[in-house]
Amino acid sequence: MKKINKVFMSALAFTAMASFATSNVFAATDNTGTTDVTYTNTTVIPDPENPDSGTAQWGVSIPKAFNFTDTTKVINSFVSLEKMNGATTLPANLNIDITVASEGNYKMTYFDGAKKVDPVDYNVKFGTSAPNSGTVGTLTTDAAGLASAPIKGRSEMTGTAKQSGTHTDKLTFTISKK
């Protein structure tokens, strides 16, 4: 038995040495490439005069979701004008009003299978508007099609859930071209 173990260990050692001897990698030159890594957590509302998202040339980017947790009670966001479908510029002299409405009056609720219960308050504020006012602001472009700065937003969960589970509300953003 000891002789078999010695033969086996010798064969194992030889195999290991052979693999080290043949694992060299030779390269005459190095070359590199880059990979863009992105994550977009916004949704774009297309031009109300050309609402087909496949042909619209511009739209308003809104937050895709506000995901509050026990440790994430404040979420910063923005609303901005965006070029769409290969457009290289935004139209000149746009003037877009944006509003937001809460389906649950700025309360997230838990659905227990029969009804919505356990309301959890939160606030949504954009720009200089009052929290939960429904006003987001106005985005514009100048005569050259350069967009105004994005409107910054801040959402904060101010209530506390008593019921375990997912509490939800839905925000609807509306854009109106003046």
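Author: A contact means that heavy atoms lie within 4.5 Å of each other. Please keep in mind that this model is predicted.

Reader: Which residues does isoleucine 98 touch, leaving aside residues up to four places away in sequence?

Author: Isoleucine 98 touches Val60, Val79, Thr135, Val136, Gly137, Leu139, Ile151, Phe173, Thr174 and Ile175.

Reader: What is the general idea behind a nonpolar core?

Author: In soluble globular proteins, nonpolar side chains tend to be buried together. In this structure, the largest nonpolar core has 26 residues, and those that touch the most other members are Val60, Val79, Ile98 and Phe173.

Reader: Which elements each supply at least two residues of this core?

Author: They are β2, β3, β4 (95–102), β6, β7 (135–140), β8 (151–157) and β10. The largest share comes from β6, with 4 residues.

Reader: How should I read aromatic pairs?

Author: Two rings pair if their centres lie within 6.5 Å, and the angle between their planes gives the type: over 60 degrees is edge-to-face, under 30 degrees is stacked, and the rest are tilted. The count here comes to 3 aromatic pairs. One of them joins phenylalanine 68 and tyrosine 122, with 6.1 Å centre to centre and 50 degrees between the planes, and is tilted.

Reader: Why does the pair of phenylalanine 68 and tyrosine 122 tie together parts that are apart in sequence?

Author: Phenylalanine 68 lies in the loop between β2 and β3, whereas tyrosine 122 lies in strand β6, so the pair links parts that are 54 residues apart in sequence.

Reader: Are phenylalanine 68 and tyrosine 122 buried or exposed?

Author: A residue counts as buried under 20% relative accessible area. Phenylalanine 68 is buried at 16% relative accessibility, and tyrosine 122 is buried with a relative accessible area of 4%.

Reader: What kind of aromatic pair do tyrosine 106 and tyrosine 122 form?

Author: Their pair is edge-to-face, with 5.8 Å centre to centre and 65 degrees between the planes. Tyrosine 106 lies in the loop between β4 and β5 (107–111) and tyrosine 122 in strand β6, so this pair ties together parts that are 16 residues apart in sequence. Phe68, Tyr106 and Tyr122 form one aromatic cluster.

Reader: Where does lysine 73 lie, and which residues does it touch?

Author: Lysine 73 lies in the loop between β2 and β3. Not counting residues up to four places away in sequence, lysine 73 touches Phe68, Ser155, Glu156 and Met157. Lysine 73 is partly exposed, with a relative accessible area of 33%. Between lysine 73 and tyrosine 122 the distance is 9.0 Å, C-alpha to C-alpha, and they are 49 residues apart in sequence.

Reader: What may be said of the second largest pocket?

Author: The second largest pocket has a volume of about 190 Å³. Of the 12 residues that line it, Asn41, Pro63, Lys64, Ala65 and Asn76 are the closest to its centre. Strand β3 (residues 74–83) gives the most to this lining, with 4 residues.

Terms used: Residues numbered from 1 in each chain as written. Predicted model: local features only at pLDDT ≥ 70, side-chain atom pairs only at ≥ 80, totals over all residues. Heavy atoms only, no water. 1 Å grid on protein atoms, 1.4 Å probe; cavity = no way out; pocket = protein on both sides within 12 Å on 5 of 7 lines; lining within 4 Å. Points joined across faces, edges and corners; volume = space filled by probe spheres on them. Core = buried A, V, L, I, M, F, W, Y, C linked by side-chain atoms within 4.5 Å. Buried < 20%, exposed > 50% of the residue type's maximum accessible area, 1.4 Å probe, protein only. Phe/Tyr/Trp six-rings, centres within 6.5 Å; stacked < 30°, edge-to-face > 60°.
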